[in-house]
Amino acid sequence: MSSLLDVARRRRVVRRRGVPLGPSGLKLGAPVGTIREPPQPMQYVLGGVVIVLVALATIRLAGDRHIGWSAFPNYFFSKPLLQGVETTLELALICQVVAVVIGAGVAAARVSRSPVVATLGDLYTWIFRSVPLLVQLIFWFNIALLFPSIGISLPGLGSLWSVPTNSVISGFVAALLGLALHEGAFMAEIIRGGILSVPAGQKMAALAIGMSNRQASRYVIRPQVLRVTIPAMGNQFVGLLKATALVSVIGGGDLLTRAQYIYSQNFQVVGLLMVVTVWYLLLVSVASLAQRAIERHFSNDRRLLAQPATQAATPSLAIPAEV
Amino acid sequence: MLLEIKDLYLSYSETRVLRGLSLDVDSSETVCIVGPSGGGKSSLLRCLNQLERFDDGVILLDGERIGVRETKRGLEWLRPHEVMAQRRQFGMVFQQFNLFPHLSVLENVAIGLRTVKGLPGNAARTQAQEALALVGLEAKKDSWPNSLSGGQQQRVAIARAIAMKPKVMLFDEPTSALDPELVDEVLGVISKLSSTGMTMLIVSHEIRFVMDVADKVCFLEGGVVVESGSPDKMINSPEQERTAQFLRRVRHD
Ligand SMILES: Nc1ncnc2c1ncn2[C@@H]1O[C@H](COP(=O)(O)OP(=O)(O)O)[C@@H](O)[C@H]1O
Ligand SMILES: [Mg+2]
């Protein structure tokens, strides 16, 4: 559609008369943007075909009684679905925050000098990135089968405090655990990539002016890691928002869970799925717009542009970065 | 002697890099180090400010032992905060500048004053501006490092180091990463600092600059100082054949 508009706009450009010709016969001093693309008639044909197809599909869907458009006024803003939207957003936001924290810790562990700590980080990433999210969710939901109760007990003193696991691990808590731990593994990868992208010379320069390891991380390494990883983190969030739908298998109380509960009683399956679909489109669109804005903010950051090649070429020394 | 290095040894796993290197730098002296690539020049500078741990030898700065402490049970590495305190006595300028790209020029210089010296923001910025003025870049204080030329970046890096008021400045091939037309502005700044009586240890292959600025030239090869002396002696009447060969080669580059 936009290409149709583009063509139309270009056609409207009027050439100015009386502009002097240069030696090659080209007009000199023509205002910027007055030189046109050659006409592209296929664009009109293609545009026409698309319009006709979209119109036909709309007519077909609008008149379809199987879809049950009536579900929209009845359910779109209904209390259970709004609660579902809230739960979905809560899950995505809390998990994102927890995942960034986990990811920072695991990434720092993986680049650590200590082989034990580094191996633990590798192990975490390996497990939580390899096991399908769906499997992890079902596992956490059923953790009571493995540990019927959780509590604190000290040798000699016996059990100090204990509760049945099932009373703690609700669908929501299992969903939080599953999503955050899984997402944390991916965050760790993103952050580790960010750490490795900071040239070793940065840490050396920070230490050379007398900073401690901790100060070098805080004032020099971490801000640079953040700048390169934030766009990727935004992308992860959009993925996470959609992944929350998986928690419906354990009754996580999210948007899809609530819709499923309603259509299991009134059988308006397609109608409610359409309502849910539109909600996801809305939520993901807003998240994508936010992500786009954040990305633009950081890609316009002049500090990140044109990193001189000499900095990237700094020979790596045996001084690992720490975050 | 402000800085004394005696019998310094350093190996990276298999490679023996420094093999009993000795070198002295007097207060306010400018000592230049020349020598073939891989000879251990950068490693030596990194040992001095403890970005690298040496294996054996003694480094004394103002009579204080660098990096280690003698105890009843033998030698012991210093603790991290002691290492940091000693490191502040040295200023380091790297071949690749290593400016912090996320900070403005002024902040690049001020950050050490704020975080390491604990100066309040205003005082740090004032001192940072003074340091920038010394390298002739006060006007660029609000620019981002990546918008500067290589020569300007290196001058900011010099300002960042001298702002910390170190006892000894270390320069590791400060102009090797620069386009030829940008070399002179950086060497000019270093010459100026040298003439103000700053103690400096400079690795450089710019022979004319070395002749001009050095009180003493050391030829470093194979992890030892093969020969050292006044620039005039080193160029015109070196005692070692290796020194003569090397200097002839770099002079004709
Ligand atoms: N971090 C390191 N790990 C292993 N080998 C190194 C490291 N840094 C330098 N070397 C080796 O030590 C030797 C001396 O290097 P360097 O001190 O950089 O010499 P120069 O600065 O004189 O060119 C070289 O053979 C180099 O490959
Ligand atoms: Mg070197």
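These legends describe close-up views of a predicted model.

**View 1. The surroundings of ligand 1.** Twelve residues stand around ligand 1. Those that come nearest are B:Gly38, B:Gly40, B:Lys41, B:Ser42 and B:Ser43. Chains A and B both supply residues that surround the ligand, so the site is shared between chains. By type, the shell divides into four nonpolar, six polar and two charged residues. Helix α1 (residues 41-48) of chain B gives the largest share of this shell, with four residues.

**View 2. Polar atoms of chain B beside ligand 1.** Start with B:Ser43: a polar atom of its side chain lies 2.4 Å from an oxygen atom of ligand 1. B:Gly39 uses its backbone instead, with an N or O atom 3.2 Å from an oxygen atom of the ligand. For B:Arg46, a polar side-chain atom lies 3.4 Å from a nitrogen atom of ligand 1. On its own, ligand 1 has 560 Å² of accessible area, and the protein covers 67% of that.

**View 3. The buried face of helix α6 in chain A.** This helix spans residues 133-141. Its buried residues are A:Leu133, A:Gln136, A:Leu137 and A:Trp140. Look down the axis of α6(A): these buried residues fall within an arc of 100°, so they line one face of the helix. An α-helix has 3.6 residues a turn, so residues three or four places apart point the same way.

**View 4. The packing partners of α6(A).** What do the buried residues of α6(A) pack against? They pack against three helices of chain A: α5 (115-130), α8 (171-197) and α10 (213-243).

Key
Residues numbered from 1 in each chain as written. Chains lettered and ligands numbered in written order. Predicted model: local features only at pLDDT ≥ 70, side-chain atom pairs only at ≥ 80, totals over all residues. Heavy atoms only, no water. Near = heavy atom within 4 Å. Polar contact = N/O pair within 3.5 Å; in protein donor to acceptor, adjacent residues only side chain to side chain. Areas by Shrake-Rupley, 256 points an atom, 1.4 Å probe, with all protein chains shown as cover. Helix = DSSP H or I, 4+ residues; strand = E, 2+ residues; numbered from the N terminus. Nonpolar A, V, L, I, M, F, W, Y, C, P; charged D, E, K, R; others polar. Buried < 20%, exposed > 50% of the residue type's maximum accessible area, 1.4 Å probe, protein only. Arc of directions from axis to C-beta. Contact = heavy atoms within 4.5 Å.
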